[in-house]
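The sequence and structure are shown first.

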Amino acid sequence: MREQASAVLLVLGAFFMLLAGVGVARLPDLFMRLQAATKASTLGVGCMLMAVAIHFQDLAVTTRAVLVIAFFCLTAPVGAHLIARAAYAAGVPLWEGTITDEMRLSSRDAQDRSGENSSSAGNERGDGS
Amino acid sequence: MSLSGLEIKTLATGLALAMVGIALFLTFIRLVRGPTLPDRVVALDLMGVLTVGMIAAYEIAMEQPVLLDTATVLALVGFLGTVAFARYLERRGRDA
């Protein structure tokens, strides 16, 4: 039973990691690739480390596995947010089928994203005038 | 259908290593031909996470629980690298 649960979690986690790789290779936009990479790989690594914790039923191994899972759950959104903000401020082009761009609507003075954006730090601060 | 535990373990770890290997290959393709620099940063970040998963599968396959320390250190270094790259991108975008 323990072996079966560990094997199922391991293959499930590897499947989510494969989904992350396919998404990064195939999606048309940086931001779509970023969300595929972040969410799918976090779930995948969580499943695989839980499989490790179930396979070795040891307190030290379980503690470290839970620690790494918590670390990934804390740092993956932070890293993705940092990369996305920096890429948007640097003017990475969106997909041509994009419908809404909320950060563009919120900044009245940034009419061209490829131009000078020295006020990009205050965009999400809510200048909704 | 009398699969023993050892056979299940061998099958699952082999399958998981193959799938994570394919994912690493696809991510490496994006790393090579990413149009912009943030694409390459995203691919490099994902490669770090995939390597942690590969270490987990290899750890079960080899029965070596010591390798989990390597995964911990790799996760920490990967996050620091991502933050450093994001800082660099932000500064470069502001300058250029």
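## Interface of chains A and B

In this predicted model, six residue pairs with both members at pLDDT 80 or more are in polar contact between chain A and chain B. On the side of chain A that touches chain B, at least two residues are supplied by each of helix 1 (2-26), helix 2 (30-55) and helix 3 (59-90) of chain A. Helix 1 of chain A gives the largest share of that side, 16 residues. Sorted by class, the side of chain A that touches chain B comprises 33 nonpolar, eight polar and five charged residues.

The contact joins 46 residues of chain A to 44 residues of chain B. Between them, chain A and chain B bury about 4,000 Å², and 80% of this area lies on carbon and sulfur atoms.

## Salt bridges

Side chains of opposite charge can pair when their charged atoms come close. Over all chains the structure holds four salt bridges, and the rule finds three across the interface of chain A and chain B. Two salt bridges between these chains are listed below.

| Residue in chain A | Residue in chain B | N to O distance |
|---|---|---|
| Arg85(A) | Glu90(B) | 3.1 Å |
| Arg64(A) | Asp69(B) | 2.6 Å |

In the pair formed by Arg64(A) and Asp69(B), the link crosses between chains, running from helix 3 of chain A to helix 3 (residues 67-95) of chain B.

## Helix packing within chain A

Two packed helices are described by the angle between their axes and the distance between the axes. For helix 2 and helix 3 of chain A, the packing angle is about 175 degrees and the axes lie 9 Å apart. An angle over 145 degrees counts as roughly antiparallel, and helix 2 of chain A and helix 3 of chain A are therefore roughly antiparallel to each other. By class, the contact of helix 2 of chain A with helix 3 of chain A has 20 nonpolar residues, four polar residues and no charged residues.

Technical notes. Residues are numbered from 1 along each chain as its sequence is written. Chains are lettered from A and ligands numbered from 1 in the order in which they are written. This is a predicted model: local features need pLDDT of at least 70, side-chain atom pairs count only at pLDDT 80 or more; totals for chains, interfaces and linings use all residues. Side-chain values use heavy atoms; hydrogens and water are left out. Contact means heavy atoms within 4.5 Å. Buried area is the accessible area (1.4 Å probe) that two parts lose on being put together, summed over both. A salt bridge is a side-chain nitrogen of Lys or Arg within 4 Å of a carboxyl oxygen of Asp or Glu. A polar contact is a pair of N or O atoms within 3.5 Å; within protein, one must be able to donate a hydrogen and the other to accept it, and residues adjacent in sequence count only if both atoms are side-chain atoms. Helices (H or I, at least four residues) and strands (E, at least two) are DSSP runs, numbered from the N terminus. Ala, Val, Leu, Ile, Met, Phe, Trp, Tyr, Cys and Pro count as nonpolar, Asp, Glu, Lys and Arg as charged, and the others, Gly among them, as polar. Axes are lines fitted to C-alpha atoms, for helices over the stretch in contact, and angles run from 0 to 180 degrees between N-to-C directions. Angles under 35 degrees count as roughly parallel, over 145 as roughly antiparallel, 65 to 115 as roughly perpendicular and the rest as oblique.
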